[in-house]
Amino acid sequence: MSDKVKTIGVLTSGGDAPGMNAAIRAVVRAGLDSGLKVKGIYRGYAGLLEEDIMDMETMSVSDIVQRGGTILYTSRCKRMMTPEGQQQAADVCRKHGIDGIVVIGGDGSFRGAQKLSALGINTIGVPGTIDLDIACTEYTIGFDTACNTAMEAIDKVRDTSASHERCSIIEVMGRTAGHIALWCGISNGSEYVLVPERSDSQAEAEIIEKIRSKRRIGKKHHIIVNAEGIGHSHEMAKRIEEATGIETRATVLGHMQRGGNPTCRDRVYASAMGARAVDLLIEGKTNRVVAYRNGHFTDFDIDEALSMTKDIDRHLYSMTKRLSR
Ligand code: ADP
Ligand code: F6P
């Protein structure tokens, strides 16, 4: 073990994601197993600034691997975005003897981690967001569960949509990214997927034409998956109903997509990422983010990770077009 890191902290920040608890558990248990002291920091950076910090023991994380949400709570903290707030956060870490922190969250949370690292607190990011919008990694904690939750909800909407011979537009989360929409579009056999990365003024006209042509060949109901980043599902439903004469309803799935017990994949990958973050701290590393690429867990410099950009999967997107003809 390095002489440098003796006490580590763990916090969750930004939107919660199913699997964050599995990651917290892994940080605590891997840290204790390696002889470190581990402190849980409540409510993200807000709790750090307010010194809402508790010692974590093995039993602190018992019975949580299967639970959605985050036992440490989470927040969005404006003060952390100021130089004064960042300095205060570093000072609080020193006061509590915390010389390494694992930050579980999204890109925004990693910017906070980057600032803490520059102020001398060894900091490692773990990607936790249902949106899958972190460029350096093919996996983020919670995406798999959110997709499964949305997929099951869309299956239910399909039942009633089919009974009434309607068109249904279902809006899924993802902020400015269309990954959840794309995966649900495929897994729910939708006729059209709208994603912000391929925002196109002709999309609605194409949807209307597709509905008409599908009706001509005997299709009696239609599923359109719309990403939050496109939005306006209710207005879209009205326009589609007017143009096609087919009853159209919009369903915005909302925050249910962030809840629920994590899938097996989210539990396992979150555990692996949490444990790896501890190992990086033990190796004396800082300003790194844990990632999953090409079938392996790895890590990136946070500056590099934040400068990378991400598109939706081109092959999956073109496949949606082929399979919905
Ligand atoms: P996410 O981590 O899911 O992307 P946010 O973008 O809301 O979520 O960021 C979470 C928190 O991270 C913010 O509320 C803030 O406390 C911190 N944060 C975001 N951007 C910065 C920044 N540029 N500098 C310092 N802290 C930041
Ligand atoms: O980043 C996760 C996410 O659920 C996004 O998909 C969504 O845009 C946003 O958070 C919603 O945030 P809030 O919980 O603040 O409404």
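In this predicted model, E209 and R216 are joined through their side chains by a salt bridge, with 3.5 Å from N to O. E209 is partly exposed, its relative accessible area being 40%. R216 is exposed, with a value of 60%. Among the other charged residues, R43, E50 and D52 belong to one network, held together by salt bridges that share partners.

Side chains of opposite charge can pair when their charged atoms come close. How many salt bridges does the model contain by the rule used here? The count is 15. Three of the pairs are described in this report, and the table gives their distances.

| Salt bridge | N to O distance |
|---|---|
| E209 and R216 | 3.5 Å |
| D55 and K39 | 3.3 Å |
| R175 and D131 | 3.9 Å |

**D55 and K39**

In the salt bridge between D55 and K39, the closest N and O atoms are 3.3 Å apart.

**R175 and D131**

R175 forms a salt bridge with D131, and their closest N and O atoms are 3.9 Å apart. R175 is partly exposed, at 47% relative accessible area. D131, at 8% relative accessibility, counts as buried.

**Helix α6**

Helix α6 covers residues 179–187. Which of its residues are buried? They are H179, I180, A181, L182, C184 and G185. An α-helix has 3.6 residues a turn, so residues three or four places apart point the same way.

The buried residues of α6 pack against several other elements. The helices among these are α5 (143–163) and α11 (314–323). The strands are β6 (167–172), β7 (192–194) and β8 (222–227). After α6 comes G189, which has a positive phi, near 60°.

Technical notes:
Residues numbered from 1 in each chain as written. Chains lettered and ligands numbered in written order. Predicted model: local features only at pLDDT ≥ 70, side-chain atom pairs only at ≥ 80, totals over all residues. Heavy atoms only, no water. Buried < 20%, exposed > 50% of the residue type's maximum accessible area, 1.4 Å probe, protein only. Helix = DSSP H or I, 4+ residues; strand = E, 2+ residues; numbered from the N terminus. Contact = heavy atoms within 4.5 Å. Salt bridge = Lys/Arg side-chain N within 4 Å of Asp/Glu carboxyl O.
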